Amino acid sequence: MESKNNFGKYMVSTSMIEWKPLLEENVDTRGISYKVLLYDEDNQRPKSFILKFEEGASYPLHNHPGGEEAFILEGEVFFNGVKLIKGDYLYTPKNYKHSVKSETGCQILFIVPEEVEIIKSE
């Protein structure tokens with residue numbers, strides 16, 4: 001049985017983590033920042049994280065090969081034009097495509113088991 005003294009290594013105090021700007025090659029991520037909650041060492045990528053969208057920020061159309069879970073912590077956001085507000089949860093099935101935009105700003109908890117694939121517009 002795991003000692004309660006070791007439990008701390010599984011906990012993240014989000015108030016102690018600084019927001020970092022989201023930087024992705026060839027993707028406009030202006031106004032989006034993140035905090036990593038769980039990092040996958042084997043695949044060298046975060047699996048769970050919080051994204052903060054500033055007013056007017058958006059993330060382009062992309063595919064989720066492994067699906068996705070999103071929980072709106074603050075504000076409001078549009079996934080493919082459908083408005084979600086604080087407290088809403090979205091499950092994205094495997095290979096589902098969507099874009100994300102917040103007109104007013106928001107914070108979203110994401111669980112993303114596999115890297116997303118950006119869909120280039122023709």
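**Exercise 1: The nonpolar core**

Within the largest nonpolar core, which has 19 residues, those that touch the most other members are Phe53, Tyr59, Val77, Phe79, Ile108 and Phe110. A nonpolar core is a set of buried Ala, Val, Leu, Ile, Met, Phe, Trp, Tyr and Cys residues joined through side-chain atoms within 4.5 Å; buried means under 20% relative accessible area, exposed over 50%, and partly exposed in between (1.4 Å probe, protein chains only). The model is predicted: local features need pLDDT of at least 70, side-chain atom pairs count only at pLDDT 80 or more, and totals for chains, interfaces and linings use all residues. Residues are numbered from 1 along each chain as its sequence is written, and side-chain values use heavy atoms, with hydrogens and water left out.

Task: Identify the elements that give two or more residues to this core.

Solution. Step 1: These elements are strand E3 (45–53), E5 and strand E9 (106–111), where strands (E, at least two residues) are DSSP runs numbered from the N terminus. Step 2: E5 gives the most, with four residues. Step 3: Isoleucine 108 has contacts (heavy atoms within 4.5 Å) with residues including Phe49, Phe53, Val77 and Phe79, when residues up to four places away in sequence are not counted.

**Exercise 2: Pairing of E8**

Task: Determine which residue of E8 is the bridge partner of serine 58.

Solution. Step 1: Strands E4 (residues 58–64) and E8 (residues 96–101) pair in the antiparallel sense over five bridges; two strands pair if DSSP finds at least two bridges between them. Step 2: The partner of serine 58 is lysine 101. Step 3: Strand E5 (residues 68–79) also pairs with E8 in the antiparallel sense, over two bridges. In that pairing, lysine 101 is the bridge partner of phenylalanine 78.

**Exercise 3: Salt bridges**

Task: State how many salt bridges the count comes to, and describe the one between glutamate 115 and arginine 45.

Solution. Step 1: The count is five, a salt bridge being a side-chain nitrogen of Lys or Arg within 4 Å of a carboxyl oxygen of Asp or Glu. Step 2: The closest N and O atoms of glutamate 115 and arginine 45 are 3.1 Å apart. This pair links distant parts of the chain, 70 residues apart: glutamate 115 lies in the loop between E9 and strand E10 (117–118), and arginine 45 in strand E3. Step 3: Glutamate 115 is partly exposed at 46% relative accessible area, whereas arginine 45 is buried at 8%. Step 4: Aspartate 40 and lysine 47 also form a salt bridge (4.0 Å, N to O); aspartate 40 is buried at 10%, and lysine 47 is partly exposed at 31%.
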